[in-house]
Amino acid sequence: MSAQAGAGRVLVTGANGMLGHDLVPALRAAGWVVTGLGRGDLDVTDAWQCVAAVDGHDLVVNAAAYTAVDAAETDEAAAFAVNAVGAANVARACSRAGARLVHVSTDYVFDGTATEPYAVDHPVAPRSAYGRTKAAGEWAVRALCPESWVVRTAWLYGAGGPNFVSTMLRLAGERETVSVVDDQEGQPTWTVDLADLVVRLVAGDTAYGIHHGTASGQTTWFGLARAVFELSGLDPERVLPTTSDAFPRPAPRPAWSVLSHESLERVGIAPLRDWHEGIASFRA
């Protein structure tokens with residue numbers, strides 16, 4: 001059943017998160033009858049809660065996730081419960097109900113050491129607890145619910161939660177200069193654009209599998225910060241480059257988070273627009 005038909009029922013887990021904030025209205029605008037459940041409404045670590053929540057839906061978009069990357073290093077079990085066991089529970093419930101599944105994953109499943117965009121079939125090699133738990137979740141989804149899409153994304157920002165863009169603007173009002181790392185490369189992705197991709201993915205007869213949902217083009221956090229300053233009428237020279245060593249964190253950050261969009265192009269779906277355009281629309 002397609003979004004274009006306007007007759008399907010879709011469940012969005014993690015509906016109160018930053019991505020869920022834009023997924024719910026995007027799916028409704030496409031004609032879906034949407035049930036949005038946040039963490040307080042659905043505990044994905046409870047298998048029977050998942051069965052009850054999924055029942056009666058044609059599609060599930062699983063945006064529920066433990067995303068505290070640094071906290072996961074000291075409490076991997078908590079991250080695993082949501083990102084792996086929770087994903088398995090949702091996938092099993094979808095198979096039981098005959099519902100299709102879109103599962104949102106991350107660039108952290110890769111080792112971050114590449115020098116060209118990661119293809120969807122590149123071997124996963126996570127270097128953090130968060131990445132390990134998300135990789136396990138991907139495996140569970142593909143094993144338990146063959147009628148599923150895994151959509152990996154990265155560098156998300158949006159109006160529905162704390163994000164890098166908003167942080168830069170706050171710091172601009174507090175400091176004369178802002179130091180930002182210039183040795184991590186990625187694709188800043190607006191949650192509105194990712195939500196649109198999910199709608200397009202489920203609207204047709206797209207083959208199930210793994211796709212990458214990140215903006216086109218690439219930059220560093222430093223490059224992104226300068227763009228944010230420019231679009232806000234601020235002097236970009238106030239943004240100073242630094243290295244990751246200047247900001248030691250419990251979890252290693254991927255130096256390379258650039259994902260290939262070839263799999264989307266092969267199935268006739270246009271990748272997300274360039275990251276510059278997304279930032280400009282977000283700031284408009």
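A crossing of two helices is right-handed if the near helix is turned clockwise from the far one by less than a right angle, and left-handed if it is turned anticlockwise. The legends below use this term for a predicted model.

**View 1. Confidence along the chain of the predicted model.** The average pLDDT of the chain is 95, and 97% of the residues score at least 70. Residues 1-5 fall below 50, although this stretch has 16 contacts in the model beyond near neighbours in sequence. Where pLDDT is low, the predicted coordinates should not be read in detail.

**View 2. Helix α1 against helix α6.** The crossing of α1 over α6 is right-handed. The axes of α1 and α6 (residues 191-203) lie 8 Å apart, at an angle of about 45 degrees. On the α1 side the contact is formed by M18, L19, D22, L23, A26 and L27, which meet T191, V192, L194, A195, V198 and V199 of α6. Sorted by class, these residues are 10 nonpolar, 1 polar and 1 charged.

**View 3. The open sheet of 6 strands.** The strand order is β2-β1-β3-β4-β5-β10, and the pairing is parallel. At the edges are β2 (33-37) and β10 (209-212), each of which pairs on one side only. On average, neighbouring strands are turned by 20 degrees against each other, direction ignored.

**View 4. Strands β1 and β2, with the helices on the sheet.** Strand β1 (residues 9-13) runs parallel to β2 and is joined to it by 5 bridges. T13 is placed opposite L37 of β2. Helix α1 (residues 18-29) packs on the sheet and touches β1, β2, β3 (59-62) and β4 (100-106); the direction of α1 makes about 170 degrees with that of β1. Helix α3 (residues 76-97) also packs on the sheet, where it touches β3 and β4, and its direction makes about 165 degrees with that of β4.

**View 5. Helix α7 against helix α9.** Helix α7 (residues 221-231) packs with helix α9 (residues 275-283) at an angle of about 40 degrees, and their axes are 10 Å apart. The two helices, α7 and α9, are therefore oblique to each other. The crossing of α7 over α9 is right-handed. G223, L224, A227 and L231 of α7 make the contact with W275, I279, A280 and R283 of α9. The residues of this contact are 6 nonpolar, 1 polar and 1 charged.

**View 6. Helix α5 against helix α7.** Helix α5 (residues 164-172) and α7 pack with axes 10 Å apart, at an angle of about 65 degrees. Here too the crossing, of α5 over α7, is right-handed. From α5 the contact involves F164, V165, M168, L169 and A172; from α7 it involves W221, L224, A225, V228 and F229. The contact of α5 with α7 has 10 nonpolar residues, with no polar and no charged ones.

Note on methods
Residues are numbered from 1 along each chain as its sequence is written. This is a predicted model: local features need pLDDT of at least 70, side-chain atom pairs count only at pLDDT 80 or more; totals for chains, interfaces and linings use all residues. Side-chain values use heavy atoms; hydrogens and water are left out. pLDDT is the predictor's confidence in each residue, from 0 to 100. Contact means heavy atoms within 4.5 Å. Axes are lines fitted to C-alpha atoms, for helices over the stretch in contact, and angles run from 0 to 180 degrees between N-to-C directions. Helices (H or I, at least four residues) and strands (E, at least two) are DSSP runs, numbered from the N terminus. Angles under 35 degrees count as roughly parallel, over 145 as roughly antiparallel, 65 to 115 as roughly perpendicular and the rest as oblique. Ala, Val, Leu, Ile, Met, Phe, Trp, Tyr, Cys and Pro count as nonpolar, Asp, Glu, Lys and Arg as charged, and the others, Gly among them, as polar. Two strands pair if DSSP finds at least two bridges between them.
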